[in-house]
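Please look over the sequence and the model shown here before reading the report that follows.

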Amino acid sequence: MMTAVNTEQSPASTPQPRAAADQSAGLNARINSSTPNSLRKQSRSTIWLPIGFGLLFLVIWQLKGFHKLFRLELYQLPIPSAIVRAIHSNGDLLWNYSLYTGAEMIGGCLIGSAIGLLAAIATSFIPQAGKGAITLVAALNAVPIVALAPVMNNWFGDGVASKMAIVAIMTMATMAVSAYKGLRSVEPAYLELMHAYAAGRLTIFFKLRLRLALPAIFTALKINMATGIIGAIVGEFFISSRGLGFLLSDQIKLGNMPIAWSCIVIAAVLGIALYYLIQLIERIAIPWHAARRKPQ
């Protein structure tokens, strides 16, 4: 007589898989619940720590802490409240001069970045001569701006053109080097795939190289916008009748330091604002970039 086989599992054999499943589910639940909280805490610290440090810096400055530390007088370093009063009292003049200097900086940055990008594109098609050409372009950064400004003023006069030329020369090398590196930093597997589909050089450039170089191009633009203000202001030091650099130099000679420091503060704010403007455009233009992805 055949004995019936009991196909039901014994109770002792079931707890282990169930315990493992329950443990895994609990772990996933804890991870999912803690990840948003950690991200929120990280974002809050990223925002509030710089703001807190900046406010602490201004409070110490307002209470003349730096004056005592470095043995400075008020005519050497005005306190923030005096700078704010100077900006309020000379608002129209500072606004007009800020627009003038901003036009020089933005125009020069765009021209210099365009020339640098074209140079990088041209040299990327000729790898044998590309590195040497980019090295020559990068050598322009070694030219002192103090020596460059009088030459540009002599060539283009004392108007906007000479200051834009100074900024263009300052920003061209940064864009050329960064864009060239981005255009040439393509994984061989991608190139092999494009060649397998019989893609031409122009197709590879527009569909692959230029797309992958966009993060490097935007990085160069952010650097240029943040540093181009230096070229515009230094250019106005020598021969100019308008602009923040002209006003800064003139007020230093007169000993009117609150207005001079107002020019410095406005120039810094202008550079930071343009930096974040390029960053916003970058987020819209290349949302696929790894730096733009949110953690899962």
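How many helices and how many strands does the protein chain have?

## Overall fold

In this predicted model, the protein chain has eleven helices and zero strands, and from the N terminus on its elements accordingly run α-α-α-α-α-α-α-α-α-α-α. The chain comprises 296 residues, of which 33% count as buried. When contacts between residues at least 6 apart in sequence are considered, 72% of them join residues at least 24 apart.

## Confidence along the chain

The pLDDT of the protein chain averages 82, and 81% of the residues score at least 70. Confidence is highest in helix H3, which covers residues 80-89 and reaches a mean of 94, and lowest in helix H1, which covers residues 15-62 and has a mean of 65. Over residues 1-17 the pLDDT is below 50, and this stretch has one contact in the model beyond near neighbours in sequence.

## Packing of helices H4 and H11

Helix H4, formed by residues 91-124, packs against helix H11, formed by residues 257-285, with the two axes 11 Å apart and at an angle of about 45°. The crossing in which H4 passes H11 is right-handed.

On the H4 side, the contact is made by Leu94, Ser98, Gly102, Met105 and Ile106, while H11 contributes Ser262, Cys263, Ile266, Leu270 and Leu274. Taken by residue class, the contact of H4 with H11 divides into seven nonpolar residues, three polar residues and no charged ones.

Is Ile217, a residue of helix H9, buried or exposed? Ile217 has a relative accessible area of 9%, and because buried means under 20% relative accessible area, Ile217 counts as buried. The helix in which Ile217 has its place, H9, spans residues 201-238.

Leaving aside residues up to four places away in sequence, Ile217 touches Leu117, Met175, Ala179 and Leu210. A further relationship concerns Tyr180, which lies 37 residues from Ile217 along the chain, with the C-alpha atoms of the two residues separated by 9.1 Å.

Note on methods
Residues are numbered from 1 along each chain as its sequence is written. This is a predicted model: local features need pLDDT of at least 70, side-chain atom pairs count only at pLDDT 80 or more; totals for chains, interfaces and linings use all residues. Side-chain values use heavy atoms; hydrogens and water are left out. Axes are lines fitted to C-alpha atoms, for helices over the stretch in contact, and angles run from 0 to 180 degrees between N-to-C directions. Helices (H or I, at least four residues) and strands (E, at least two) are DSSP runs, numbered from the N terminus. A crossing is left-handed if the near helix is turned anticlockwise from the far one by less than a right angle, and right-handed if clockwise. Contact means heavy atoms within 4.5 Å. Ala, Val, Leu, Ile, Met, Phe, Trp, Tyr, Cys and Pro count as nonpolar, Asp, Glu, Lys and Arg as charged, and the others, Gly among them, as polar. pLDDT is the predictor's confidence in each residue, from 0 to 100. Buried means under 20% relative accessible area, exposed over 50%, partly exposed in between (1.4 Å probe, protein chains only).
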